[in-house]
Amino acid sequence: MSIAICPGSFDPITLGHLNIIRRSAQIFDRVIVCIMHNAMKPNPMFTVEEKVEMVRKATERYPNVTVDWSDGLLAEYARQYPGAVIVKGLRAASDFEYEFQMNLINKKINPDLETMFLTASGKYTFLSSSVVREMAVYGADLTGLVPHELIGQIEEKAKQWRMK
Ligand code: PNS
């Protein structure tokens, strides 16, 4: 059985992430979306529990997608699924530089681990979780940026964030 691991900080999940997850689910027998910490993004808007719930809600229509989380290293997490492949989306050349470096670090920790990249759909190349957070904090319309069933929750959180 082919397994893809789609890791990310998902703070929050965007339609760009969902596009990569959906396409991975068409290619692989099983997709595990793994919510992880990104040391370069130390101050997340959502807790891990909230992210798990949001990603579950956004992916529940895909029967071969499951959601997990880990506060460890991705390359160590992947060891429990021998033969699994990391799948990441690439929006631009700048993403490639970062992801290429991550891929080399992951390979150093776990030489058997392969990473594959899917190019982002053109309509989502501008989209990132940080753009969504910023727009939400300013009360902008999030339609077309995040799964519609999550808009209320993101707006509510952004309201609390604004009052901090
Ligand atoms: O959505 P992001 O923020 O681009 O995802 C990056 C993520 C979470 C996949 C990456 O930071 C990661 O793999 N974090 C887990 C810790 C780890 O393995 N770091 C890389 C080696 S130091």
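Which residue in E5 does Val87 stand opposite? The legends below answer this and describe other close-up views of a predicted model.

**Figure 1. Strands E4 and E5 pair in the parallel sense.** E4 covers residues 85-90 and E5 covers residues 114-119. Six bridges connect E4 with E5. Val87 stands opposite Met116 in E5. Between E4 and E5 the chain passes through helix H4, residues 93-109. The β-α-β crossover made in this way is right-handed.

**Figure 2. Strand E1 pairs with E4 in the parallel sense.** Two bridges hold this pairing, with E4 spanning residues 85-90. Ile5 stands opposite Ile86 in E4. Ile5 also has a bridge partner in E2, and that partner is Ile32.

**Figure 3. Strands E1 and E2 run parallel and are joined by six bridges.** E1 is made of residues 3-8, and E2 of residues 30-35. Ile32 of E2 is the bridge partner of Ile5. Together with helix H1, E1 and E2 form a β-α-β unit, which is right-handed. H1 itself covers residues 15-27.

**Figure 4. Strand E2 pairs with strand E3 in the parallel sense.** Five bridges link E2, residues 30-35, to E3, residues 65-69. The chain goes from E2 to E3 by way of helix H2, residues 48-59, in a right-handed β-α-β crossover. Two bridge partners can be picked out in this view. Ile32 has Thr66 as its bridge partner in E3, and Ile35 has Trp69.

**Figure 5. Val52 is a residue of helix H2.** Its relative accessibility is 10%, and because the cut-off for buried is under 20%, Val52 counts as buried. Leaving aside neighbours within four places in sequence, Val52 is in contact with Ile35, Val67 and Trp69. Ser2 gives a reference point elsewhere in the chain. Val52 and Ser2 are 50 residues apart in sequence, and their C-alpha atoms are 23 Å apart in space.

**Figure 6. Asn19 belongs to helix H1.** Is Asn19 buried or exposed? Asn19 has 9% relative accessibility and therefore counts as buried. The side chain of Asn19 makes a polar contact of 2.8 Å with the side chain of Arg23. When residues up to four places away in sequence are not counted, Asn19 touches Ser121 and Tyr124.

**Figure 7. The loop between E1 and H1 contains Phe10 and Pro12.** Most residues other than glycine have a negative phi, and most peptide bonds are trans. Phe10 is not a glycine, yet has a positive phi of about 45 degrees. With a relative accessibility of 4%, Phe10 counts as buried, because this value falls under the 20% cut-off. The peptide bond that joins Asp11 and Pro12 is cis, with an omega of about 5 degrees.

**Figure 8. The ligand is surrounded by 14 residues.** Which of them are the closest? They are Ser9, His37, Asn38, Lys41 and Leu74. For Ser9, an N or O atom of the side chain is 2.5 Å from an oxygen atom of the ligand. For Asn38, a polar side-chain atom lies 2.8 Å from an oxygen atom of the ligand. For Leu74, the atom concerned is a backbone N or O, and it lies 2.8 Å from an oxygen atom of the ligand. On its own the ligand has 540 Å² of accessible area, and the protein covers 80% of this.

Notes: Residues numbered from 1 in each chain as written. Predicted model: local features only at pLDDT ≥ 70, side-chain atom pairs only at ≥ 80, totals over all residues. Heavy atoms only, no water. Pairing = 2+ DSSP bridges. Helix = DSSP H or I, 4+ residues; strand = E, 2+ residues; numbered from the N terminus. Right-handed = clockwise from strand over helix to strand, strands pointing away. Buried < 20%, exposed > 50% of the residue type's maximum accessible area, 1.4 Å probe, protein only. Polar contact = N/O pair within 3.5 Å; in protein donor to acceptor, adjacent residues only side chain to side chain. Contact = heavy atoms within 4.5 Å. Near = heavy atom within 4 Å. Areas by Shrake-Rupley, 256 points an atom, 1.4 Å probe, with all protein chains shown as cover.
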